[in-house]
Amino acid sequence: MMNIFSKSMVLICMMSVFTVAHSQKGMGESEGLSSKGTKAELVTLKGTVKEIKKGPCTFTTGKSTSGTHLLVTSNGTMFNVHLGPTKKVYNFVADSDGDQIEIVAFRTVKLPKDHYIAKELVYNGNELVLRDKNLKPFWAKNRGQGVWK
């Protein structure tokens with residue numbers, strides 16, 4: 001009897017950990033634009049990085065529980081620029097706080113106003129390409145480590 005109780009408790013604990021971890025994932029669509037073959041209009045944003053945020057993202061389509069965002073101000077407007085999974089992109093932008101930045105980005109219909117998804121970043125004389133011409137991120141299917149040009 002005790003053995004069944006112990007196994008049941010272990011199973012309940014494992015299920016609760018999975019539920020919490022899964023609930024931290026964003027509630028975006030199940031697949032991204034590149035998987036759908038959808039083309040998005042690209043825009044260029046120029047401004048100053050005011051903050052780098054890491055944590056759960058409610059608009060992600062990926063499996064990561066933590067995303068990295070740049071809060072960028074331009075002409076009095078604050079943009080929330082979604083970069084990608086913290087594990088894959090944070091180190092590229094960790095020192096960008098306060099920097100002037102140029103971002104090639106796109107939007108989806110599910111994003112709130114002034115939220116964008118970065119395709120490329122240019123700051124401190126470097127260009128970071130996060131997504132290819134089809135908007136597929138470099139971390140999809142464990143490819144690459146990012147591309148500096």
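Predicted model: local features only at pLDDT ≥ 70, side-chain atom pairs only at ≥ 80, totals over all residues.
Which exposed residues does the face of α3 turned away from its buried side carry? They are K87 and N91.

**The chain as a whole**

Welcome to the overall layout. The protein chain has three helices and seven strands, and along the sequence these elements follow the pattern α-α-β-β-β-α-β-β-β-β. The chain counts 149 residues, of which 37% are buried. If you take the contacts between residues at least 6 apart in sequence, 53% of them join residues at least 24 apart.

Now back to helix α3, which spans residues 86–93. Its buried residues are T86, V89, F92 and V93. Seen down the helix axis, the buried residues of α3 fall within an arc of 150°, so they line one face of the helix. The face turned away from that buried side is where you find K87 and N91, both exposed.

Another residue of interest here is Y90. K54 lies over the face of the Y90 ring, at 4.2 Å from the ring centre.

**An aromatic cluster**

From α3 you can follow F92 to other rings. The model holds three aromatic pairs. In one of them, the ring centres of F92 and F138 are 6.1 Å apart and the planes stand at 85°, so this pair is edge-to-face. F92 belongs to helix α3, while F138 sits in the loop between β6 (126–129) and β7 (147–148), so the pair ties together parts that are 46 residues apart in sequence. F138 also pairs with W139, and that pair is edge-to-face too. F92 and F138 are both buried, and W139 is buried as well. Together, F92, F138 and W139 form one aromatic cluster. The table sets out these two pairs.

| Aromatic pair | Distance between centres | Angle between planes | Arrangement |
|---|---|---|---|
| F92 and F138 | 6.1 Å | 85° | edge-to-face |
| F138 and W139 | 5.0 Å | 80° | edge-to-face |

Strand β2 (residues 67–74) is mostly covered, with seven of its eight residues buried. On one hand, β2 is joined to strand β1 (residues 43–55) by seven bridges, and these two strands run antiparallel. T48, for example, has T73 in β2 as its bridge partner. On the other hand, β2 pairs with strand β3 (residues 77–85) over eight bridges, again in the antiparallel sense. Here L71 has N80 in β3 as its bridge partner.

Strand β3 also contains H82. With a relative accessibility of 9%, H82 counts as buried. Leaving aside residues up to four places away in sequence, H82 touches C57, F59, T68, H69, L111, H115, Y116, I117 and A118.

Is S96 buried or exposed? Its relative accessibility is 0%, so S96 counts as buried. You will find S96 in the loop between α3 and β4 (100–106). Apart from residues up to four places away in sequence, S96 touches V49, I52, L70 and Y123.

**Two residues with a positive phi**

Finally, two loop residues have a backbone angle worth checking. Most residues other than glycine have a negative phi. N75, although not a glycine, has a positive phi of about 50°. N75 is placed in the loop between β2 and β3, and the hairpin of these strands has two residues between them. At 82% relative accessibility, N75 counts as exposed.

D114 is also not a glycine, and its phi is positive at about 70°. D114 lies in the loop between β4 and β5 (115–123). With 23% relative accessibility, D114 counts as partly exposed.

Definitions and conventions: Residues numbered from 1 in each chain as written. Heavy atoms only, no water. Helix = DSSP H or I, 4+ residues; strand = E, 2+ residues; numbered from the N terminus. Buried < 20%, exposed > 50% of the residue type's maximum accessible area, 1.4 Å probe, protein only. Contact = heavy atoms within 4.5 Å. Arc of directions from axis to C-beta. Phe/Tyr/Trp six-rings, centres within 6.5 Å; stacked < 30°, edge-to-face > 60°. Lys NZ or Arg CZ within 6 Å of the ring centre and 35° of its normal. Pairing = 2+ DSSP bridges.
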